[in-house]
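Subject: Structure for your files

Hello,

Here is the structure I said I would pass on. My notes follow below it.

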Amino acid sequence: MFGRSVLPRGDYYALTWSVPREFGGLTNVFLHRAEVFRSLGKRPIQILTLAPDLDPRATKHRLLANGQVSRRTKVRNLWHELSRADDKTLAALGHSGMDKPQAATRALEAKGEASADLLNDAEKVLQTDRFRANGTRYASDQKDAKKPGTLGGRLVTLYSSSGQPVASFASMARLQSAWLDHVIGAKEAFLINDSQFLADYVAGYRRPNVTTVQALHNSHLASIPKSITGELSKSKAKLVRRTDDYDMLAVLTEQQHEDLLATDLGDEDLRMIPNSREIPAAPEPVHRDPADGVMAVRFSYQKHPQAAVRATWLAHQSNPAVHLDLFGKGYEEEKVKAVVDELGAHPAVALKGFDPKASQRFATASFSLLTSRFEGQGLVLLESMAAGCLPIAFDIRYGPRDIITDGVNGFLVPAGDIEAMSKVILKVASMSDADLAPLRAAARARAEEFADDLILPLWGAELTRARDRKRADRLAAAAVTLTAADVTEAGLELAFTVPDSTPKGTWHAGWDLAPLPWFGRVPVEGDPASGASVLLPAARLAELPAGDATLFIDQVVVGDHRRIALPAPTGWVDRDTPWGWLRGVKGKLVLQREAR
């Protein structure tokens, strides 16, 4: 397709925790991208995994058999390689970790297993030892390093073949980083992470030769957000707090990109790159029963398949021909079955279970349903549209509105409105082949805009841009001096200064209720070296729940970032505000919110 690679030169790595046997869209996306990078981009990518129980050889064989990777794709695992590493390699990892080797306070017995756990009376793991095939210990992860028997402190130790401690790490992140340094080396490299579980770790992995990319696959907001400035998704809060710590943060839709920029939660490192698909050849024109629907989904709170059951059953009351084949499984499977039984919806809804070939039904069905409460993009929409199957989707954040033009190539209905969805199902079910044909053609044309060969050059351009913006040197945190904190009807007005020698960049001020999923910030006006001011809006502060909000200043210089807790001036006097007490706590300025 391309005469030369559109991707910048370098070694490519896809980081993930694990590759389960049955996986959903996120794993599907990163595996597909890896193959696109290899086949069209001519850049082989290694899949790096960190789960202790993953066998990379068996995983590669399984993915190869399913056609999800090629023979050239490497699957590697931290623990698998540690268990087979020679003494010299293990010791070299310790040099990277920079912690003096020290033995764990005790050794556990292998008992023929690959690992052994020590539990306390509350069934909490105090220590995990891991063993080579010959029964010798190669690693010990001690979680009671401060006081044996009491959780607190971490010590991860690697052992030579003779049982001597050769490397120690004060955290699991240090061991993971030492392994990544060993794998990647000093060559120019790109590390792409799709896992939200590892997002906080990747934000802290900073190397001058490694461009880090974090993909955001879902909404960063609470499941049913009241506003774009409100509560964050609990699972995405850590990622959102550190958007400036990635060389590139990739989101999937323009709407989410705009929302993050509008709330000052992204900067120049925030880029929009949608997921892509291999678009199959246009299907031969066939008659489709206009009342025949399909849905392929994970049975979960997010995907909310119960709404699809209710909408289909409601439409079936008016048109008995309406039918839905519902493919999937998940932790809410029993709830879905209960709704079908409660409604007596068996004539209208067929539960088909999990089927890896479920997407083939898009080629014969008339319409598909998407009833999610929230999404990142909704890849299933593209798969449906590429096959000429018209999507009927809740208009949620994020995805459907960026893909579907209502009434042209599919249909949007208000989020959560089951009655409105049932009416659209009835509308499609009553249309003729002639009326539906142009909609199916438009759906197919829209899906083609997300073809692999069209999205890959966008990856190439953005990766090149991220690499070129990256700084090899580290930014020293500025010394911030608070000069004013005034309460007005508009909000909390802050003024501060930094030394003249502070590097130029962009500045933000904000609040953080960690560990609660409430975090926000606004841009700072002026140059802090000569005095800058910022208004924390009253409306934003009034949204916050009870808790202690640390006030901070963010310093961002191309490719690097520092967060500085706003210091309370010497002699600070606590004051009451419309949003809570503004207090000096251990030298930091904190807004204490009471329960409402």
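How many salt bridges does the count come to? The count comes to 35 salt bridges. Please keep in mind that this is a predicted model.

Salt bridges

D247 and R206 meet through their side chains in a salt bridge, at 3.0 Å from N to O. The two residues are 41 apart and link distant parts of the chain: D247 is in the loop between α7 (237–241) and β11 (248–251), and R206 is in the loop between α6 (199–204) and β10 (210–216). D247 counts as buried because its relative accessible area is 4%, which is under 20%. R206 is buried too, at 13% relative accessibility.

R521 and D264 form another salt bridge, with 3.8 Å between the closest N and O atoms. R521 is buried at 1% relative accessibility, and D264 is buried at 9%. Both residues belong to a network of salt bridges that also links D244, D554 and R563.

In the salt bridge of E383 with R277, the N to O distance is 3.4 Å. E383 lies in helix α11 (residues 379–386) and R277 in the loop between β12 and β13 (292–296), so this pair ties together parts 106 residues apart in sequence. E383 is partly exposed, at 26% relative accessibility, whereas R277 is buried at 11%.

Strand β20 (residues 491–497) is joined to β23 by six bridges, and G491 has P537 in β23 as its bridge partner.

Further along, β26 (residues 575–577) pairs antiparallel with β27 (residues 580–585) over three bridges. D576 has W581 in β27 as its bridge partner, and the hairpin joining these strands passes through two residues. β27 also pairs antiparallel with β28 (residues 588–593), over five bridges, with L582 opposite L591 in β28. That pair is a hairpin as well, with two residues between the strands; K586 in the turn has a positive phi of about 55°.

Surface

I224, Y301 and Y331 make a nonpolar surface patch of about 370 Å². Y331 is in the loop between β14 (323–327) and α10 (333–343) and counts as exposed, at 62% relative accessibility.

Regards

Technical notes: Residues numbered from 1 in each chain as written. Predicted model: local features only at pLDDT ≥ 70, side-chain atom pairs only at ≥ 80, totals over all residues. Heavy atoms only, no water. Patch = residues over 30% accessible without salt bridge, like charges linked within 9 Å, V, L, I, M, F, W, Y side chains within 5 Å. Areas by Shrake-Rupley, 256 points an atom, 1.4 Å probe, with all protein chains shown as cover. Salt bridge = Lys/Arg side-chain N within 4 Å of Asp/Glu carboxyl O. Helix = DSSP H or I, 4+ residues; strand = E, 2+ residues; numbered from the N terminus. Buried < 20%, exposed > 50% of the residue type's maximum accessible area, 1.4 Å probe, protein only. Pairing = 2+ DSSP bridges.
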